[in-house]
Amino acid sequence: MKKIIFLLAIGFILSVPATSNAQLLKKLKEKASSAVNKAIDSKTGNETQENANSSSSESSSQSTSGNRPVNKGGVGLKNTAPPDVNAAMEDANKSFTANNYSDARYSVQQALMGIEIQLGHELLKSLPANVDGMDKDTTQDKVVSTQWGWNNMTIQRVYSDKKDKQCTITIGNNMLYSGLVNAYFGNAYAVESNGKDQNVKQVKVQGNKAIISYDESKGYTLIVPVGQSSMVVWECINFANEDEVMNTANAFNIDNIKKTLGEK
Amino acid sequence: MKKYSIFISILFFTLSVNAQDFSKDIADAKSSYAAGKLADAHFSLEQAIQEIDMIVGKEVLKLLPAKMNDQASVEKDDQVTANVGFVGATVHRSYGDTTGSQVEIISNSPLIASLNSFLNMPLVGGMMRNSTTKVVKIQGYKSRLEKQGDNDNGKPNYQLQIPFKSALITITANGMDENAVMSFANSIPLDKIAALIQ
């Protein structure tokens with residue numbers, strides 16, 4: 001029985017892309033024949049005719065794809081205001097007195113979200129406008145709060161020199177890096193003695209223990225754990241050396257970040 | 001045994017420490033918020049959520065049946081844990097002193113939400129039927145019943161999982177037949193529990 005289900009599933013999976021494969025093959029065939037025609041025409045001097053042909057085929061292909069409307073724009077979603085913290089707390093109190101615990105919990109979560117978003121905006125305001133010749137790119141500012149408490153609150157700011165140098169600072173509980181940080185501070189020796197090149201090492205930023213890592217494809221990453229659960233992460237692309245990274249990090253006031261997050 | 005009793009006493013201590021007054025937490029949050037101390041307000045609200053989870057957990061315990069088939073509930077093992085974050089709140093009740101039968105409810109956990117969507121994919125490992133697993137309906141809720149071998153007396157052990165949105169009820173019923181498991185599951189007021197924990 002299990003085998004039959006498995007075989008049915010495989011059959012189903014294979015049958016779905018089969019039609020798209022056929023379309024792809026057809027397109028490839030058309031491309032190949034037009035390339036061959038082009039080569040022959042250029043040798044026989046028949047170029048003008050070929051151009052006329054290709055333009056007619058292009059227009060026909062446009063008309064077939066034109067049947068499916070393509071979204072050309074819209075105003076997008078409106079930016080709703082973060083939840084009203086005071087109102088949410090009032091609601092929570094009311095629901096709680098009415099023994100409606102589910103609604104009370106929801107209202108407290110809304111209040112939490114509202115506070116986290118305000119905290120995020122406060123932090124973003126306190127960050128410098130430019131660092132190491134790079135200006136802040138406010139279009140990429142992000143304050144993300146999920147309803148699951150502190151764990152998933154993330155504040156992000158991007159600095160860029162409008163060419164290829166970029167630094168992304170992320171403040172919050174960054175799940176992606178917490179494993180690396182714990183592994184490193186847990187058993188530092190295992191990472192440090194890995195041959196001639198150090199890809200990860202321990203540094204200090206404004207008196208805080210930190211780790212810096214370098215990866216050929218990602219550039220420099222500097223991680224400063226802050227207090228009990230948060231961390232500040234700088235991801236630096238196209239920085240010349242680690243001194244540049246450290247200078248950039250020192251432009252930020254880590255004590256102020258700690259204070260705003262209520263961390264020690 | 002000594003270790004076990006130390007653990008239990010620590011647990012009770014923690015519970016009593018956690019059992020704070022919701023209204024006080026909200027009042028603290030309000031005053032911190034008004035004073036612009038956002039981090040403090042955040043902390044107070046987290047406390048308030050934990051308080052709600054504790055109360056809800058105790059309410060859910062009241063709704064659980066006193067007996068599972070012929071196994072009586074072990075009240076001293078009743079347990080409610082409130083966590084802010086990924087684990088969510090958990091409610092636990094044991095049945096029969098040594099049977100290992102129990103009801104475990106995990107609520108408000110994003111991990112459970114993804115586990116539930118996993119359970120609902122038949123081929124991946126959830127709602128399918130084979131020699132040990134089958135899908136059953138308990139009071140309209142699609143659930144997964146799995147036979148987990150036999151106990152020492154040669155009677156079957158079962159596990160029944162009832163997924164909600166971000167909550168999961170797991171019933172471990174050891175030493176009883178399928179009909180007994182189903183009738184126990186049907187005796188739990190699932191709609192009332194769902195209204196409390198969702």
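In chain A, what share of the contacts between residues at least 6 apart in sequence join residues at least 24 apart? The share is 48%, where a contact means two C-beta atoms, placed from the backbone, within 7 Å.

Before you click around: this is a predicted model, where local features need pLDDT of at least 70, side-chain atom pairs count only at pLDDT 80 or more, and totals for chains, interfaces and linings use all residues. Residues are numbered from 1 along each chain as its sequence is written, while chains are lettered from A and ligands numbered from 1 in the order in which they are written.

**Stop 1: chain A**

You'll find 8 helices and 9 strands (DSSP runs numbered from the N terminus: H or I of at least four residues for helices, E of at least two for strands). Of its 264 residues, 22% are buried. Buried means 20 or more other C-beta atoms within 10 Å of a residue's own, exposed means 12 or fewer, and partly exposed is in between, with C-beta atoms placed from the backbone.

Now pick A:V203, in strand 6 (residues 200-205) of chain A. Buried or exposed, or something in between? A:V203 is partly exposed, because 16 other C-beta atoms lie within 10 Å. Leaving aside neighbours within four places in sequence, A:V203 is in contact with A:A210 and A:I212.

**Stop 2: where the chains meet**

Select helix 3 (residues 85-97) of chain A and helix 2 (residues 22-34) of chain B. Their axes come within 11 Å and cross at roughly 170°; axes are lines fitted to C-alpha atoms, for helices over the stretch in contact, and angles run from 0 to 180 degrees between N-to-C directions. The two helices are therefore roughly antiparallel, the word for angles over 145 degrees. Show side chains for the contact: among them are A:M89 and A:F96 on one helix, and B:F22 and B:I26 on the other. The contact residues divide into 8 nonpolar, 2 polar and 1 charged (Ala, Val, Leu, Ile, Met, Phe, Trp, Tyr, Cys and Pro count as nonpolar, Asp, Glu, Lys and Arg as charged, and the others, Gly among them, as polar).

**Stop 3: helix 3 of chain B**

Next, click B:A41, in helix 3 of chain B. B:A41 is buried, since 27 other C-beta atoms lie within 10 Å. Not counting residues up to four places away in sequence, B:A41 touches A:I115, B:A29, B:S32 and B:Y33.

Which residues touch the most other members of the largest nonpolar core? They are A:V108, A:A111, B:L45 and B:I52, in a core of 51 residues; such a core is a set of buried Ala, Val, Leu, Ile, Met, Phe, Trp, Tyr and Cys residues joined through C-beta atoms within 7 Å. Helix 3 of chain B gives this core its largest share, 9 residues.

Helix 3 (residues 38-63) of chain B also packs against helix 6 (residues 190-197) of chain B, at about 180° with axes 10 Å apart. These two are therefore roughly antiparallel as well. The contact includes B:V56 and B:L63 from helix 3 and B:I193 and B:L196 from helix 6.

**Stop 4: helix 5 of chain B**

Finish with helix 5 (residues 178-187) of chain B, and color its buried residues: B:V181, B:F184 and B:A185. They cover an arc of only 100° around the axis, so they sit on the same side of the helix; the arc is that of the directions from the axis to the C-beta atoms.

Definitions and conventions: Angles under 35 degrees count as roughly parallel, over 145 as roughly antiparallel, 65 to 115 as roughly perpendicular and the rest as oblique.
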